[in-house]
Amino acid sequence: MGNKTPLLSATDLHVSYGSIKAIRGISFDVYEHEIVTLIGANGAGKSTTLNTVCGLLKPTSGNITFDGKDIGHVPAHKMVTLGMSLCPEGRRIFQQLTVRENLEMGGFSRQASEIPGSIEEMFTRFPRLKEREKQIAGTLSGGEQQMLAMARALMSHPKLLMLDEPSMGLAPILVGQIFDIIRELHEAGTTILLVEQNARMALSVAHRAYVLETGRISISGSAADLLHDDSVRKAYLGS
Amino acid sequence: MIPFLTNLVNGISLGSVYAIIALGYSMVYGVAKMLNFAHGDVIMVAAYVSFTATQYWGVPPLVSVLMSMVVCTLLGITIEGLAYKPLRQAGSLAVLITAIGVSYLLQNLALLIWGANPKVFTSVVDFGGIRLFGGELVISDEIIVTIISGIAVMLLLTWFTGKTKMGRAMRAVSEDKGAAQLMGINVNFTISLTFAIGSFLAAIAGVLLCSSYNTLMPTTGSMPGIKAFTAAVFGGIGSIPGAMLGGLLLGLIEVFGGSYVSTELADALVFAVLIIILLLKPAGLLGKNVQEKV
């Protein structure tokens, strides 16, 4: 996959919150049909990176291209029509809306006639959501909310799915399920950019990985190599 | 029995007007997270537009109502775009003070254009009303139209926010602007649309209110505006059914309080009930109180 142009490419990206520099010049690529993971400690800048890619934050400098287009100045609400979708940290489902309405919002950018079919697809992939179809989303369990957040992000049929801490706060059995779903989505042809604190799980599912440390990329390489890298093992895998 | 029914009908009518205004307040608060204290003054502008059209230009009353709706909708969008949109990232205090500024601006512009003397507003409806119980219970045409308008507005808004794509998007924006953007929802457009709907409703309320009470001054909108704000808080600000319920309750309390307790104390009674409700239910009667699941 090395000689193709990447689906997503960030070059020398800088992002600040006021005077605080959160991202200090990172570059990374995601190629089609890859699973790429960004790992790192709390506050390393992982979520900031995803929020910048999807336009919720604006970079102070640097370039982001997606599908061959410069997207540095595209407003956040237009990103989804370009083919990227973010499943945000903390899920951020619409708590007051029903499960079905949440999914409909996920398909906001698409033709109304395509929505019911896509919702059925989601119900096939996430059968629990079908059982909860008419329920107010805020009443779902944490695991169900994560499923809903992922299904909502998939409703736009993205080329690139970005997942921000999908395993956060979930019981180990549910974490396993979430990662199974990530594998299935990849097999179905979705390119995935995954941000995780659970580095062991992330590296086991990903092809390539970047390690973020206080706003810079310290190590990058194939996920398999990083799993056996001594410094990564010591810092992020607890062994 | 007849006085009770008269009060009931009057209370529902006044409550419908409060509900229509409160819906505008509440929707704008829900979506833009700001208290638009200029909302009441849009009511006044609506009445002046209708007044000017019928009295000076000889426009038929119903057409003048349509003109009010158009002018107020555009006014709402303009106010939002010029005064509030530049403050999207500013603190809520700055926005609040701006809203008060816009309120005074509208009042003083009205003073400049139409002068300080109260105008006599001629009712836009005229079909004589109905008499029940052998003529003992008189329900005026204004009251009938007001109640019907109130019901129509409530049904339409419930349908709009519950069943249409834009209505649901509005609810999504009111909950989480960032997540809404991720769905592809244009948040700025949604906020403008909310102001348009709110101001459109204010136009309806303004014409109905002045049809019932007939006096029109630059400050005509401020007291109903504050009452409707109270109604919105009553019901739970940000909640659409809450604004409807709050408006109706407020109208009923005001009319019954004025009739059975004392006319002078009617307003005091309204605010006393507000305080009691907020002590018991700080989020209002139907206020949102959702716990976050981890």
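Biologist: How many residues of chain B are in contact with chain A?

Modeller: This is a predicted model. The contact involves 26 residues of chain A. On the side of chain B, the number in contact is 20 residues.

Biologist: Which helix gives the most to the side of chain B that touches chain A?

Modeller: Two helices of chain B, residues 165-175 and residues 177-182, each supply at least two residues of that side. By class, the side of chain B that touches chain A has nine nonpolar, four polar and seven charged residues. The helix that gives the most, with six residues, is α6(B).

Biologist: At what angle do helix α3 and helix α8 of chain B pack?

Modeller: Helix α3 of chain B covers residues 61-84, and helix α8 of chain B covers residues 187-213. The residues that meet include B:Met69, B:Cys72 and B:Gly76 in α3(B), and B:Phe195, B:Ser199 and B:Ala203 in α8(B). By class, this contact of α3(B) with α8(B) has 13 nonpolar, eight polar and one charged residues. The axes are 7 Å apart, and the angle is about 140°.

Biologist: Is the crossing of α3(B) and α8(B) left-handed or right-handed?

Modeller: The handedness describes how α3(B) passes α8(B). The crossing is right-handed.

Biologist: Which strands stand at the edges of the open sheet in chain A?

Modeller: The sheet has four strands in the order β2-β1-β4-β5, with antiparallel pairing. Each edge strand has a single partner strand, so one side of each is left without a neighbour in the sheet. The edge strands of chain A are β2 (20-30) and β5 (69-70).

Biologist: What is the bridge partner of A:Ala10 in β2(A)?

Modeller: Strand β1 of chain A, residues 8-17, runs antiparallel to β2(A), and eight bridges join the two. In β2(A), the partner of A:Ala10 is A:Phe28.

Biologist: Which helix lies across β1, β2 and β4 of chain A?

Modeller: The helix in question spans residues 46-53 and runs at about 115° to β1(A). It is helix α1 of chain A.

Biologist: What is the radius of gyration of chain B?

Modeller: Chain B has eleven helices and four strands. The globule rule gives 19 Å for 294 residues, and the value for chain B is close to this, so chain B is as compact as a globular protein of that length. Its C-alpha trace spans about 65 × 45 × 35 Å along the principal axes. The radius of gyration of chain B is 19 Å.

Biologist: What percentage of the residues in chain B is buried?

Modeller: A residue counts as buried if 20 or more other C-beta atoms lie within 10 Å of its own. Of the 294 residues in chain B, the buried ones make up 50%.

Methods: Residues are numbered from 1 along each chain as its sequence is written. Chains are lettered from A and ligands numbered from 1 in the order in which they are written. This is a predicted model: local features need pLDDT of at least 70, side-chain atom pairs count only at pLDDT 80 or more; totals for chains, interfaces and linings use all residues. Two residues are in contact if their C-beta atoms, placed from the backbone, lie within 7 Å. Ala, Val, Leu, Ile, Met, Phe, Trp, Tyr, Cys and Pro count as nonpolar, Asp, Glu, Lys and Arg as charged, and the others, Gly among them, as polar. Axes are lines fitted to C-alpha atoms, for helices over the stretch in contact, and angles run from 0 to 180 degrees between N-to-C directions. A crossing is left-handed if the near helix is turned anticlockwise from the far one by less than a right angle, and right-handed if clockwise. Two strands pair if DSSP finds at least two bridges between them. The radius of gyration is taken over C-alpha atoms; the globule rule is 2.2 Å times the number of residues to the power 0.38. A residue is buried if 20 or more other C-beta atoms lie within 10 Å of its own, exposed if 12 or fewer, and partly exposed in between; C-beta atoms are placed from the backbone.
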